[in-house]
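Morning, everyone. I have one structure to walk through today. Please take a look at it before I start.

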Amino acid sequence: MTSHVIPAAERKVRVDLGDRSYDILIGPGLIAAAGKEIASRLKGRKMAVITDENVAPRYLQPLMASLGENGIEAVSLVLPAGEKTKSFDHLIPVCETVLGARIERNDAVIALGGGVIGDLTGFAAGIVRRGSRFIQVPTSLLAQVDSSVGGKTGINSPHGKNLIGVFHQPDLVLADTDVLDTLSPREFRAGYAEVAKYGLIDKPEFFDWLERNWQAVFAGGAARIEAIAVSCQAKADVVAADERENGLRALLNLGHTFGHALEAATEYDSARLVHGEGVAIGMVLAHEFSSRMNLASPDDARRVEAHLKAVGLPTRIADIPGKLPPAERLMDAIAQDKKVKGGKLTFILTRGIGQSFVADDVPSSEVLGFLKEKHPQ
């Protein structure tokens, strides 16, 4: 059995949910240490590991070896990569794999991958045996700072993104920062959009820090671990205060209402647009719309766009390759959004950098007019 020396750079963030509280461990070498960390926290000794074709060649064997070295018996399932995997077609084999492995209440289902695998696997864990233990091993920056934390799970529908799912909290999150070195520049940039989001919600000093230090975050090392830890702590605080998005947690959707509509408009074609890119465009749109509604200075929108453009993210609808449906179709997707209440549009708007708020009953006519201005039809 191999021993694990905790790196000095490793950070731990606690998500405080009473008897369902859990740790987020952040740092290098955590996939190799996964078996030890899991065995020290869970009584079960059977696991089902769900991953995808991009992640499996690099990380499945080291994870399985670490589990085996710590007395954990595991089976694995490798799925196609990409947003289209978040579907009923792939949910069924995940559930059958978990049941076939005879996973019991003290055992666990492990998601090894990015946000798609985490969301899909978490949904399966939430419904198999009316709820199974669940561990997140996120391998993308976006998953490490956002989707792996907080218990939102689900799959997509032709009606919209993430419309079918459950809240199901993980028992542990292992964010191995070494794996981020293997991401493509595009994937890392997409995850960075979610990092910037936390500054734009209510941490203007963090956004200032990112403007000064983003190159160091991209380079790796201490700045990257710091950015991930700050992001995870920000999300953990919000989740602890509002687990099921009855109020405060909705702020985490800054940029997402516009972004999800754009993803739906591209039919979740990752060659054209990935989630973080949609969020980047959406955050610029949210700040521009706030300016249009006389809530914030147009200088704030320009500052947000300048930073996201500097790191290489798309910031305009026109940046999305290929033809998009008209603004009216984008409005249809927005009307299906989970943040709609009583048929009234709810947006996360802002009064300035780090001053986001939940705006209920936003006039759809204003949104449509704004989209027509911004959409290169």
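What pLDDT does the chain average? The chain averages a pLDDT of 93. At least 70 is the score for 95% of the residues. Residues 1-8 are another matter: there the pLDDT is below 50. Beyond near neighbours in sequence, that stretch has 9 contacts in the model. Where pLDDT is low, the predicted coordinates should not be read in detail.

Now to helix α2, residues 56-69. Start with its length. At 1.5 Å a residue, its 14 residues should span 20 Å. The end C-alpha atoms are 19 Å apart, which agrees.

Which residues of α2 are buried? They are Ala56, Tyr59, Leu60, Leu63, Ser66 and Leu67. Look down the axis of α2: these buried residues fall within an arc of 135°, so they line one face of the helix. Remember the geometry. An α-helix has 3.6 residues a turn, so residues three or four places apart point the same way.

What covers that buried side? The cover includes α1 (34-39), β3 (46-52), β4 (73-79) and β5 (108-113). Turned away from the buried side of α2 is a face with the exposed residues Pro57 and Gln61. After α2 comes glycine 71, with a positive phi near 75°.

Last, helix α8, residues 222-241. Its 20 residues should span 28 Å at 1.5 Å a residue. Its end C-alpha atoms sit 29 Å apart, which agrees. Is α8 mostly covered or mostly open? Mostly covered: 14 of the 20 residues are buried.

Conventions: Residues numbered from 1 in each chain as written. Predicted model: local features only at pLDDT ≥ 70, side-chain atom pairs only at ≥ 80, totals over all residues. Heavy atoms only, no water. Helix = DSSP H or I, 4+ residues; strand = E, 2+ residues; numbered from the N terminus. Expected span 1.5 Å × (residues − 1). Buried < 20%, exposed > 50% of the residue type's maximum accessible area, 1.4 Å probe, protein only. pLDDT = per-residue confidence, 0-100. Contact = heavy atoms within 4.5 Å. Arc of directions from axis to C-beta.
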